[in-house]
Amino acid sequence: MKTKMTWETGNKIVKLLVVTAAVYFGMKFLFPIVLPFLIAFLIARVLFPLAKRLEQKTFLNRAGARAAAYVLFLAGVGLAAAGIIYLCYWMGSSCLVHVDGFMEQADRMYDACCEKIQDISGYGVDEIKSTLTRGKEGLTDSAIGYSKNAGWYMAGFLAKIFVSFIAAYIMLNDYEGLIRGLHKTQAGKSAMQMLHDMKTASGAYLKAQLMIMGIVTAVCVLGLFVLGNPYALWAGIGIGICDALPFIGTGTIFVPWALIEILLGGYRNAAGYLAIYILCSFIRQLLEPKLVGHKLGVPPLAVLMSIYIGVQVYGGAGVLLGPLSAFLIVQGYRAVV
């Protein structure tokens, strides 16, 4: 009896390891390839009810209703993109109007920082400026290289979006046949059930992240307002959005900002920026496992572990891919046990 239980336990562990390895290699190598078509299927799935309603409520035939639904989708995406572009243009124009004042203020801050470093280190101002200039040139070269890589990434991203949109239209036109084909096989049925569960989990995860981002943004805006920052609203919103991005976070903004204030002698503002950063980090670390765990119906510790392991395995994108991988492991394990 004991031998049988040991065998069953070992068999379950082996299956869990196999599923984990399959999910890891799939997320690492297969997922980026199939992602455009997965997005296309989700778009088609969302547009199909609208196309059916248009077909029933209007004079349009099947093909016309689906084309109309797709055009409405493209119009919505276009309006959203235009709004974002206009917002960026408006913010950029506002900055350009005050660019001379910003440059003068930056020069004053630069000179004041060099003088402060001179007082601390004993080096001459010219030597400090020469060292900072060499460092700035190195940073500029790195930024240029990063911009080139970012350009290639953006081109690849736009190509994937283009493929997704084309594939979505094709899938929408033959949506019933696609669904019938998936339901004919057990693998297709399992995939559909997994997509349904993933949709529910993704919606819950997104709601939790938006809630956290809203709280962090409010803290940033309020903190900057208390410190007397004239750009508290827009700066707070921008920093709150940065906090939701895996590669940036509030520390990327507040820590250098605090260091500059220390060099300029603005110790009150420096302490305030560090306090806002610590509070925002504490809020995210406290709320993320609880809110995400509550929305997904899993223990907060499991969510925290999935995010931490995801970041270690996938890098910054692990904030999203970690919980997704954990979800796929659980679903895959349930399917094979």
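At 37% relative accessibility, Arg62 counts as partly exposed, a class between buried (under 20% relative accessible area) and exposed (over 50%), computed with a 1.4 Å probe on protein chains only. The model is predicted: local features need pLDDT of at least 70, side-chain atom pairs count only at pLDDT 80 or more, and totals for chains, interfaces and linings use all residues. Residues are numbered from 1 along each chain as its sequence is written, and side-chain values use heavy atoms, with hydrogens and water left out.

**Salt bridges**

Two salt bridges are found in a search of the whole structure; the criterion is a side-chain nitrogen of Lys or Arg within 4 Å of a carboxyl oxygen of Asp or Glu. Side chains of opposite charge can pair when their charged atoms come close.

| Pair | N to O distance |
|---|---|
| Arg62 and Glu176 | 3.6 Å |
| Arg66 and Glu176 | 2.5 Å |

Salt bridges with shared partners join Arg62, Arg66 and Glu176 into one network. Arg62 lies in helix H2 and Glu176 in helix H5 (residues 175-183), so that the pair, 114 residues apart, links distant parts of the chain. Arg66, also placed in helix H2, is 110 residues from Glu176, and this pair too links distant parts of the chain. Helices here are DSSP runs (H or I, at least four residues), strands are E runs of at least two, and both are numbered from the N terminus.

Glu176 is partly exposed, with a relative accessible area of 23%, while Arg66 is buried, at 1%.

**Surroundings of Arg66 and Asn173**

Not counting residues up to four places away in sequence, Arg66 touches Phe48, Ala51, Lys52, Leu172, Asn173, Asp174, Tyr175 and Glu176, where contact means heavy atoms within 4.5 Å. Asn173 is partly exposed at 23% relative accessibility. Leaving aside neighbours within four places in sequence, Asn173 is in contact with Arg62 and Arg66.

**Cysteines**

How many disulfides does a search of the whole structure find? The search finds zero, a disulfide being a pair of cysteine sulfur atoms within 2.5 Å. For Cys220, the closest cysteine sulfur is that of Cys280, and the 3.6 Å between them is too far for a bond. Seen from Cys280, the closest cysteine sulfur is in Cys220. Cys220 is buried, at 0% relative accessibility, and Cys280 is likewise buried at 0%.

**Nonpolar surface patch**

Tyr24, Phe25, Phe29, Met305, Tyr308, Ile309 and Val313 form a nonpolar patch on the surface, with about 710 Å² of accessible area together. Patches are made of residues with over 30% relative accessible area and no salt bridge; nonpolar side chains (Val, Leu, Ile, Met, Phe, Trp, Tyr) are joined within 5 Å, like charges within 9 Å. Accessible areas come from the Shrake-Rupley method with a 1.4 Å probe, and for residues only the protein chains shown count as cover.

Helix H1 (2-57) and helix H10 (300-314) each supply at least two residues of the patch. The largest share, four residues, comes from H10. Tyr308 is found in helix H10 and is exposed, with a relative accessible area of 54%.

**Chain as a whole**

The protein chain has 11 helices and zero strands. Of its 337 residues, 27% count as buried. The chain exposes about 21700 Å², with carbon and sulfur atoms supplying 72% of that area. Among contacts between residues at least 6 apart in sequence, 63% join residues at least 24 apart.

**Confidence**

The chain averages a pLDDT of 76, and 70% of the residues score at least 70; pLDDT is the predictor's confidence in each residue, from 0 to 100. Among the elements of the chain, helix H2 (residues 62-97) has the highest mean pLDDT (84), and helix H3 (residues 99-121) the lowest (62).
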